[in-house]
Amino acid sequence: MTTTVVLPKVPALGGLFARGAGLSLARRVRSGPTVLPDVEYVVRGVRASSDHLTEYQHLLGESASDALPAGFVHVLAFPVATALMVRSDFPLPLVGLVHVANRVTQHRPVLLTDALDVRATATDLRGHRSGTQVDLVTEVSVDGSVAWRGVSTYLARGVRLGGSGDEPATFVPPTPTGRWKLDGDIGRRYAAVSGDRNPIHLSALSAKALGFPRAIAHGMYTASRALADVGAGRGDAFEWSVEFVKPVLLPGTVTVRVAGSSEGFTFAGWDARSGKPHLTGSVTPLR
Amino acid sequence: MARPTTPTPEVRRAYVLGGNRIPFARAGGPYVRASNQDMLTAAIDGLVARYGLQGERIGEVAAGAVLKHSKDFNLTREAVLGSALSAETPAYDVQQACATGLETVVSLSNKIRLGQLESAIAGGVDSTSDAPIAVSNRLRRALLDLSRAKTVGQKLAAVAKIRPKDLAPVAPNTGEPRTHLSMGEHQALTTAQWEITQAAQDEVALASHQRLAAAYDSGFFDDLVTPFRGLTRDANLRADSSLEKLAKLKPAFGLGLDTPATMTAGNSTPLSDGASTVLLGSAEWAAAHDLVPLASLVDAEAGAVDFVHGDDGLLMAPAFAVPRLLARNGLTLDDLDYIEIHEAFAATVLTTLAAWESEEFGRTRLGLDGAFGTVDRAKLNVHGSSLAAGHPFAATGGRIVATISKELHRRKAASGSDAPVRALVSVCAAGGLGLTAILEAA
Amino acid sequence: MSDTYLNLVNSGFTKKVAKQLGLPQPSPLRRYEPGQPLLQGAVLVLGRGSESDALAGFLSSDWDLDVHRHATPGTRYSAVVLALTELTHPDQLSEPVLAVGAVLKELPKGARVVTVSRAPRADDAPAVAAARQGVDGLLRSLAKELRGGSTGNGVMLAAGVPVTAPSVVGALRFFLSTKSAFVDGQLLAVDSTAGTLPDDWAAPLAGRVAVVTGAARGIGASIADTLARDGATVVAVDVPAAGEQLVAVANRVRGTALQLDVTADDAGARILEHALQRHGRIDIVVHNAGITRDKLLANMTPDKWDSVLAVNIASQLRINEALLTSGDFTDAPRIVSLASTSGIAGNRGQTNYAASKGGVIGMVRATAPLLEAFGGTANAVAPGFIETEMTARIPAVTRQVARRLNSLQQGGQPVDVAETVAFLASPAAGGVVGRVLRVCGQNMVGQ
C-alpha cells in the first residue's frame, strides 16, 4: 500500500540538500536500505510566477510564450521528488548521486495560469556497470489529467546492487549546427532560476571541494538549451529525452548539433577538441 | 516549381535612374571616425550632385544599417536633413541584415509601381569601425532598475546586483544569435558539405578583383562612385592579386569545426565601412527631370532557410528563392544576361551554383525534375563584387543594383534591339535570409 | 588664402611703420556683390566728338549714371572714361589726358579709369596710328600710377565698331565694376558688333548651360559659383578623385556633378551627352582644368612634360573638336579657356606649363573664327598671381615677392578670375573674338 505524503508547498531545494548531505554522511557510516520506499509525495495547486518564467526563458533562449517550457516544469516540480530522495529510508545517498538521463513526456502545454498538481515517486532501483541507478518519476497534472511526466535517472557510483547495465555506445561527432559558449557564471545563473544550488555548479572552489577541477554546468541547463534550440518544431506534445555523458566544465564551449530526423529532432553536445560527448538526446513530437 | 501562382498584376514600372556610393573602406581605415550618418549623408549628397536634385522633395528615402547605434533610430531621416535634398523629404529606416539595401530598392520600387510614390532614394550604410558598443544585459537591467527605484534601499539593491564583469562593454559580432557560430563558420560548414575547394574559391576572388579593377580603369564607376575622406577606390581592391598569392593564405574560418578549412581572408569579404544609394522613379518623374531610366525592377522574392537545425547552410536562402522567382516570371537561368550573386564569401557563390547544378538538390529540395540549372560564369558578377569591393553590410544591395542597372542600360543601348536584357540580383543575409530580384534594362 | 602683409599695412601701428619705411602699400580690393551699384559716385567722361557724346549719353540714359563731361572742382569721381575713338593725331591726347591728371589726386579708393579707343591698323594714316598706339602706352603707364586699389583699363575697338556696340558697352561696364577688381593695365579688343546686352545685368547668363572643368576647388569652384550667380546652370566637371569636393560645389550651385578625366578620349562626348541629356543644351565651356609639373628643362622628364600638355591643352583641343562637330554648340556658344601669364611672359621651371598655356592662347585665336558663324567666341583668361591652394605651396619669401610684383601689390582672388571668365562667357562679350584678358593686377612681366 503506497503511502501518500502531501506537502503544503513545493519545498526549497536548499533545505533538502542540507538534509540530504547529512543523511549521506550518516549513510557512509552504516549501510542503508536496499529497497525503495513505497511512497508518493504530492503538492497541489502549484503556480508559476511570470517573472520567474521570463527569467528562465531569457536564460535558456526560449520564446516568451505563456506555455511553460518542459524544462521549466521540471524546475517547478522536481523539488518534490528531491523531498522523497532525502527520506532516511531512501536507499541511495543524495551527495554523489549523478543525474545520468532524463526523459520528459509533454502531453499538452502547461500554461502559466494553470494550477499544477505534482506527484513524485521513485522506481526501478537497478544495477549498472558502475553503480546503482534509480528513476525519480514526477507527474504534473492539470485538472486531474497528467500533462507532463518526467523520469530522471540517477546513478550512485560505487553503490553495487548487482547487474551490469549496457556498455556506452561510441560517439562520432556529427556536423555541428551551433555552439554554446558557456560563461563561468552560467552555473550560478541557472541555480538562480532553478533553485538547484548544488555547490558543484556554483564556483570552482566549491566544485573542487567535491572533487571537480572546476564548476560544472547543470545537466538540465544543457538539455533545456537543446530543447530551446529545437524551437517551435517540437509542437505542443513531445517526448524529450537526454543522456548526460560527460560534465561540461565552466567556463566552456560545447559544440552542438540540433537537427531534424525522421522522427523529430536529435541533438548532441560535445567537446570539439577531444570529440567526447557531453550529452545526446532527442525531441520527438507525439501524434 | 509546381505551385499555383498569380501573374504579377498590371502596374506601372519603377525605374532605376542612377546611383551613387562612396568607395568602401576597410574597417579601421579612412572612415574610422565617420559615422553611419556621415557616410549615408555623403552618399546622398553625391547622388544629389550627380542628378541635380538640390532642394528636391523626393517622394521617400529608405535606407538602413545593420550595425546601428540606438541614437540613430531615425538614421535615414537625419541623413536627409543633413543633405542637400529638401528638408520636406520623408524617410524611413529598414533593417534586413545584409539584404537591407536590396530590400529598400524593392519596397520603394513597389511603392512607385503602385503609384504611391513618383521618386525615391534607396540606400544602405554600415560602419564596422564605428560599431555600437552596448553595456552588458545585467548592467543595463541594473541601471534600469536603479532609475525606477524610489527608496534608498531599492537603489542600493539595484546597485548591489552589478558585478565587476558586468561593466565590460559588449561589442556586436557576426555570430548568429541562435547558433553562436560566426557567419564564416556557418559558410565553412556549407562549403565542406558541397566539397568546394580553396582553389575554386580563390578563382572567384581573383575574378572579382580583376573585374572590379578593370571597371575602375575603364571609368565605369566615374558616375557611380564619389570619393570620400580621400578614398577614391574601394580600399579592399587588389588589382595585382594572383592565384599564387591567394593560395598562400591560411584558412581563416572553420577552424575548430570538424570540417576541412578552405576559406581564407582572400576569398572572404573583410569587415568594411561604406554607404550606397540608388535613385528610383516613375517614367513620368524621370522625364520631367531629364533623367534616363536605366533599368526597371521586374520582381523580387525573399527566401529563408532553417540553418538552425542544419537543414541548409546559413547563406543558402537564395538557392531556394531564385528558382521560385524565375518560375513565377516564366524564366530560366538562360534567360538572364547578368547574374549578380553577392560574394559574402567566394564559397557562398560556389555553393549556390553547386546546389543549382545538383540533380539531387533540384529534386529533393527544390521539387524539380532535376537540377535547376547552370550559371554561365561569363555572366556572373561582371564588374566584380563584394570580395573585391568590400561589404559594408547594408550598402551592398545599393552597390549591386546601381552597378548592374548601368550595365543593363549600356548593353541594351549597344544592342540596338528591343529584346529584353535581364539581370538577376541575389543577396544572402544573416538569419538564413536571402533576397533576390530581377532587373530589366530600360 | 590670406595675405598677412596686406592686412598689416592696412591697420593701425603697422600701417604707419610701413608708410614711413616706404614699403609697398597694397589696398584691399572691393569685390562685386549682388545688388551693388555699378558706381558709387559720378563718372567723368572726357574726350571730344560725337562718339564721345554718344557714350556719355548711353551711360547717363541707359545706366542712369551721374555723368559729367567736365571736371567739377571738389567732386570725387568714382570713374573716369576717356573716350578717344576719334583721335587722328597724337596732339589731341593732351587735353583729355591732362584733364584726367587734374582729377587723379581726388580719386577715391577703388576708382576706375577706362580708355575707349580704336585699335591701330597697318593701313591707318601714320598720325592716326601714332595716336591710337599712344593710348596703349598711356593707359599702361597711367595704371601703374594709380593707388588705393584703383585700376586703369582700356577697350580697343576694331574699325567699324560703334562705341555703343554690345561688347564695347559690356567691356566698359566690366572695367567700371568691381568685377574687374584685379584686372589692371589691360586693353581689351572688341572685334565686332556681335553680342547682345542682357535684359538683367544681375543675371546675364540666365537660361545658359555652362560646363566648368576642374570645378572641384580653387579657381574652378569660384568660376562655377560665379556663373551660377549670373544665372547659368552649371555642369561641374572634375576628375573622379576630386569627387567629394565636386559634390560640394555642384550642390552649392544647384548644378550637376560630372566626374570625368578630361584627357579621356570620350571626354567631349560625355560632356555633351551629360549637358544635353540633363539640361537640354550646352552654351558655355570653361576649360579650367590644369596641372603644373614644374621642372627646369634640363631636368624635365617625359611624364612631366607630357601630362601637362595632355591636360592643359590637348584635352581642350579634343573636347572643342567634339563640341564643334556636334551641331549642338551653336547658340552664341562661348569657350573660355584658362591661360596664364606664364604662357605670355614665360616662367623659369615652367617650360611645359608655359608651352601648354601659350598653346591655349593660340588655340582660342584659331578656334574663335570657327564659332563666329554661330555668334560664338573663344577667348582666354590669363591669371597672374592668384591666392589658391596651388600658390599657397610656393615658398614664403618667393610668394611674398610674387604678390607684390604688380601694380596692385597683392595677389588676386579666384573670384577675380571667375568674374573675368563670366564676362567673356556672357552674351555681351560676343564681339571679343579669340582674345586673351589678363587678370594679374598689371603684373610687371610680359605684355
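Begin by selecting chain C and colouring its strands: seven of them form an open sheet with parallel pairing, in the order β9-β8-β7-β10-β11-β12-β13. The edge strands are β9 (256–259) and β13 (436–439) of chain C, each of which pairs on one side only. From one strand of this sheet to its neighbour the average turn is 20°, direction ignored. The model on display is a predicted one.

Next, select β8 of chain C, residues 233–238, together with β9(C). These two strands pair in the parallel sense over four bridges. For a specific pair of residues, display C:D238, which stands opposite C:Q259 in β9(C).

**Helices on the chain C sheet**

Now colour chain C by domain. The assignment gives domain 1 as 24–190 and domain 2 as 209–439. Taken over C-alpha atoms, the centres of these two domains of chain C are separated by 28 Å. To display the contact between them, select 29 residues of domain 1 of chain C and 27 residues of domain 2 of chain C.

The model contains three cavities of 30 Å³ or more. The largest cavity has a volume of about 60 Å³. To find its lining, select C:Q25, C:P26, C:S27, C:L29, C:L146, C:R147, C:G148, C:G149, C:S407, C:L408, C:Q409 and C:Q410. By class, the lining of the largest cavity divides into four nonpolar residues, seven polar residues and one charged residue.

Show the three chains in separate colours. Two pairs of chains are in contact, and of these chains B and C share the most contacts. Chain A and chain C, by contrast, do not touch, and their nearest C-alpha atoms are 44 Å apart.

**Chain B**

Select chain B and colour it by domain.

Then centre the view on B:A97. Its phi is near 50°, a positive value in a residue other than glycine. B:A97 is placed in the loop between β4 (91–93) and α3 (100–113) of chain B.

**Chain A: domains and sheet**

The assignment for chain A gives domain 1 (1–162) and domain 2 (168–287). The centres of these domains of chain A, taken over C-alpha atoms, are separated by 19 Å. Their contact takes 25 residues from domain 1 of chain A and 28 residues from domain 2 of chain A.

With the strands of chain A shown, trace an open sheet of eleven strands in the order β1-β2-β4-β5-β6-β3-β8-β11-β10-β9-β7, with mixed pairing. Its edge strands are β1 (3–7) and β7 (178–182) of chain A, each pairing on one side only. The twist of this sheet averages 20° from one strand to the next.

Within this sheet, select β3 (residues 97–106) and β8 (residues 238–244) of chain A. The two strands run antiparallel and are joined by six bridges. Here A:A101 stands opposite A:E243 in β8(A).

**Last stop: a cis peptide bond**

Finally, select A:L250 and A:P251. Is the peptide bond from A:L250 to A:P251 cis or trans? The bond is cis, with omega near -10°. As for its setting, A:P251 is in the loop between β8 and β9 (252–260) of chain A.

Conventions:
Residues numbered from 1 in each chain as written. Chains lettered and ligands numbered in written order. Predicted model: local features only at pLDDT ≥ 70, side-chain atom pairs only at ≥ 80, totals over all residues. Heavy atoms only, no water. 1 Å grid on protein atoms, 1.4 Å probe; cavity = no way out; pocket = protein on both sides within 12 Å on 5 of 7 lines; lining within 4 Å. Points joined across faces, edges and corners; volume = space filled by probe spheres on them. Nonpolar A, V, L, I, M, F, W, Y, C, P; charged D, E, K, R; others polar. Pairing = 2+ DSSP bridges. Axes fitted to C-alpha atoms, helices over the stretch in contact; angles between N-to-C directions. Contact = heavy atoms within 4.5 Å. Domains from an automatic or database assignment.
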